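Take a look at the chain before reading on.

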Amino acid sequence: MAGSPSLTEVLQGNVPLTSNRALIEAVTQRRQGPLLTLVLAPTLQLSDVMIPPLLEVLQSMPSGGGLDVMVNGLGGATPETWRVVSVLRDRFDRYSAIVPFAASPGATQVALGADALIMGEASSLAPLEPPRIKGLDVAGPDGDRLSMSAYDVQHYLRFLRREVCDGQPLSPDAALLNHLWDRIDPLVVGATERAHQTNRMVTRQCLESHLDAERDVERIDGILRHLADSGLGFRVPVTRRDCELRLGLEVIKPPADLWGAVWSLHLYYQQMLELEGDLQLGDNQHYLVGFDGFIDTLETRRVLLRVTRCDDNGVALADKPTLHRWVSPQSRDLKIDEELQL
């Protein structure tokens, strides 16, 4: 629609969406190849909603050859990461994962599907723990209900065997076990364990996309034992040294100039994710606007816009759900209340 504003123009002065083209170009020049960045806010998880904008961005890139993929955020482990890895494998002969700092479990899965990891001294992957169950009848120190996972139950059972039963098998009718199941639904624990085994299988598929399922089986099993079966929480860093020496992954240690460019791009995304501003449309429509995700290349970008209806004082209205929408910020046919459905 001729004359309608671009998203960048609508947001200018409220939540300025600055360009990162020069930052991306600084990385591509040093790597001599294309770069794709996948970024989500810490509160979000990769889902199938990210796939259509990802495909739109990839369609603007020539297929074949190599690709660098910078993974930043992406939330917890999820089967959807296998779709991302499959798409990248179908379109490119080889891809390397740039891990700027602390990769989440979801970002770790995408990185494990890469032929090589580009990691700085402080970069790390994350263990893959089962989903956490919220709202169980277990009170924390502050009175709130704790979130738990199947790992917590497993560690409790190990504690009983080690400290109470002297290493002997637990009796099914043990009082301490009955007390546990009085407070926790076994079926919920089973569901989280099934989700964990699904994510474990997905992680194996990511590894087998570049490792041989038969020849490298011991290597793959060792990686899964360390990342998915060790009982470590996702906040435990799996460092560059771990990836290279313990997991046997191909790790590229970047020169200072390349890593400086990567770090500058990482900081750009951190700053963009922290922005939040007011957007007023008409006389009485007030919104809180921020950015919760980015899919970027040198030439194309998609942005995950977060829009929340608020009152005149900038307080979010409880009865108005927050809108998330992947948009093209350069689009000239933006129609407020239609494309964005505000």
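Contact here means heavy atoms within 4.5 Å. With that cut-off, Ser104 is in contact with Gly73, Leu74, Gly75 and Ala126, leaving aside its neighbours within four places in sequence. The model behind these values is predicted.

**The chain as a whole**

The chain has eleven helices and eleven strands. It holds 342 residues, and 46% of them count as buried. Take the contacts between residues at least 6 apart in sequence: 65% of these join residues at least 24 apart.

**Two loop residues**

Ser104 sits in the loop between strand E3 (94-99) and H5. Thr300 also has a loop position, between strand E9 (285-296) and strand E10 (301-310). Is Ser104 buried or exposed? Buried means under 20% relative accessible area. Ser104 has 15% relative accessibility, so it counts as buried. Thr300 counts as buried too, because its relative accessibility is 16%.

| Residue | Loop between | Relative accessibility |
|---|---|---|
| Ser104 | E3 and H5 | 15% |
| Thr300 | E9 and E10 | 16% |

Which residues does Thr300 touch? Not counting residues up to four places away in sequence, Thr300 touches Val57, Ser60 and Ile295. Leu58 is 242 residues from Thr300 in sequence. In space, the two are 8.9 Å apart, C-alpha to C-alpha.

**Helices H4 and H5**

Two packed helices are described by the angle between their axes and the distance between the axes. For helix H4 (residues 80-91) and helix H5 (residues 105-112), the angle is about 30° and the axes are 9 Å apart. Their crossing is right-handed. Thr81, Val84 and Val85 come from H4, and they meet Gly106, Gln109 and Val110 in H5. The residues of this contact divide into three nonpolar, three polar and no charged.

**Helix H9**

Helix H9 covers residues 217-228. Its twelve residues, at 1.5 Å a residue, should span 16 Å. The end C-alpha atoms of H9 are 16 Å apart, which agrees.

Which residues of H9 are buried? They are Ile220, Ile223, Leu224, Leu227 and Ala228. These residues lie on the same side of H9, because they cover an arc of only 95° around the axis. An α-helix has 3.6 residues a turn, so residues three or four places apart point the same way. The face of H9 turned away from the buried side carries the exposed residues Glu218 and Arg225.

Note on methods
Residues are numbered from 1 along each chain as its sequence is written. This is a predicted model: local features need pLDDT of at least 70, side-chain atom pairs count only at pLDDT 80 or more; totals for chains, interfaces and linings use all residues. Side-chain values use heavy atoms; hydrogens and water are left out. Axes are lines fitted to C-alpha atoms, for helices over the stretch in contact, and angles run from 0 to 180 degrees between N-to-C directions. Helices (H or I, at least four residues) and strands (E, at least two) are DSSP runs, numbered from the N terminus. A crossing is left-handed if the near helix is turned anticlockwise from the far one by less than a right angle, and right-handed if clockwise. Ala, Val, Leu, Ile, Met, Phe, Trp, Tyr, Cys and Pro count as nonpolar, Asp, Glu, Lys and Arg as charged, and the others, Gly among them, as polar. The expected span of a helix is 1.5 Å times one less than its number of residues. Buried means under 20% relative accessible area, exposed over 50%, partly exposed in between (1.4 Å probe, protein chains only). The arc is that of the directions from the helix axis to the C-beta atoms.
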